[in-house]
Amino acid sequence: MRSYPTGPAGTRAAALAAALLLLAGAGPAVADDGRPDRDFTIEDPRITESSGLAASRAHPGVYWTHNDSDDGPYVFAVDSRTGKTLATITMRGVGEPRDVEAISIGPDGDIYVGDIGDNLDGTWSHVWIYRFPEPKQLRDATVDAVQYDVKYADGARNAEALMVHPKTGRVYIASKNEDGGGLYEGPAKLTAGAVNTFRRVDEVPWVTDGAFSPDGKRLVLRSYFSAREYAFENGRLGEDRSVAAPFQRQAESVTYTADGSALMFGSEGARSDVVRVEVAGGGSGGDQDRGKPSGSAGGEAGEQGGDGGGEEGNGGGSAGLGAAIVVGAGVLWFALRRKRG
């Protein structure tokens, strides 16, 4: 979001963030082997606030993303092999987007865009979801999109995570709150021209994005400094475990690869990096590879819960460096408590 700390606290937070990036050795990610779904850098100078990420179902190695606020009805298809934009999609018939925070793809191949941010935590009486079919050909185009009005049964709130279940097509939203948010379940089918009420079904930590695994059995939720993967069954959260999310300057997005073998973590900012992290039971990586970023932009970011952190060789460097990063991240956390959105 275009909402950063200002004044002395903001200056200290920005300086600390830069110092932590240097400590973590977070240089530009490089798709050095030319294969898809590896670490990459978003090269398009128009994409400076990549706030959501979704793996294409129709085009292997392509990721859909969008800017946050103050942009327009635009969605971008980015090639993970090169970091280049292959298509810019302009949504028609959706009004003026206000605070676009998330993107997901449903089982029908439609792309869902979540205009669900609310920096003032309840000022807006409703938010919107936009939907259009994923293009079969990647080229610049204007498409007709359906707009859905969304309200929450327990009152308005801020949110940055929208997830469409890949089997049922049901839409879920995770609200964002420093003291913990909620997982909200939408109606079985969204209806245009009417209010779609989302109801709270579970509790979640502070969330900046989320995504379902391709089989719908897992749900990952990330925050600025950590990520957790939950078992998901019958519309409810189950057992969870930590995932070693990479340290990024403003950690805003996450998605599974189309084959479910890894998670792709993204960040806001010009030329922002997208980092691949292997997941258990996916592809050639097993439990022993869990939480290991594949490229140089990785590194563990102060995991909560402990079961996914502190492993030897897990992109962390020396114990002293790891401790410095964790302590610094804690300080940055409190500096960012003033940040809304």
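This is a predicted model: local features need pLDDT of at least 70, side-chain atom pairs count only at pLDDT 80 or more; totals for chains, interfaces and linings use all residues.
## Cavities in the structure

A search of the whole structure turns up three cavities of 30 Å³ or more. The largest cavity holds about 140 Å³ of space. It is lined by 16 residues. Closest to its centre are Arg57, Ser104, Ala211, Phe212 and Thr255.

The elements that give two or more residues to it are β2 (52–55), β6 (102–105), β11 (159–164), β15 (209–212) and β19 (251–256). By class, the lining of the largest cavity has twelve nonpolar, three polar and one charged residues.

## The second largest cavity

The second largest cavity contains about 40 Å³ of space. Its lining consists of His66, Asn67, Asp71, Gly72, Tyr74, Val75, Met91, Val100 and Val113. Five of these residues are nonpolar, three are polar and one is charged.

## An open sheet

Strands of a sheet pair through backbone hydrogen bonds, and the pairing can be parallel or antiparallel. Here, four strands form an open sheet with antiparallel pairing. Their order is β1-β21-β20-β19. β1 (40–41) and β19 stand at the edges. Each has a single partner strand, so one side of each is left without a neighbour in the sheet.

Now take the pair β20 and β21. Strand β20 covers residues 262–267, and strand β21 covers residues 273–278. The two run antiparallel and are joined by four bridges. Across this pair, Leu263 stands opposite Val277 in β21.

## Where the two topics meet

Methods: Residues are numbered from 1 along each chain as its sequence is written. Side-chain values use heavy atoms; hydrogens and water are left out. On a 1 Å grid over the protein atoms alone, a cavity is a set of points where a 1.4 Å probe fits but cannot get out, and a pocket is an open set with protein on both sides within 12 Å along at least five of seven lines; lining residues have an atom within 4 Å of a point. Grid points are joined across faces, edges and corners, and a volume is the space filled by probe spheres set on the points. Ala, Val, Leu, Ile, Met, Phe, Trp, Tyr, Cys and Pro count as nonpolar, Asp, Glu, Lys and Arg as charged, and the others, Gly among them, as polar. Two strands pair if DSSP finds at least two bridges between them.
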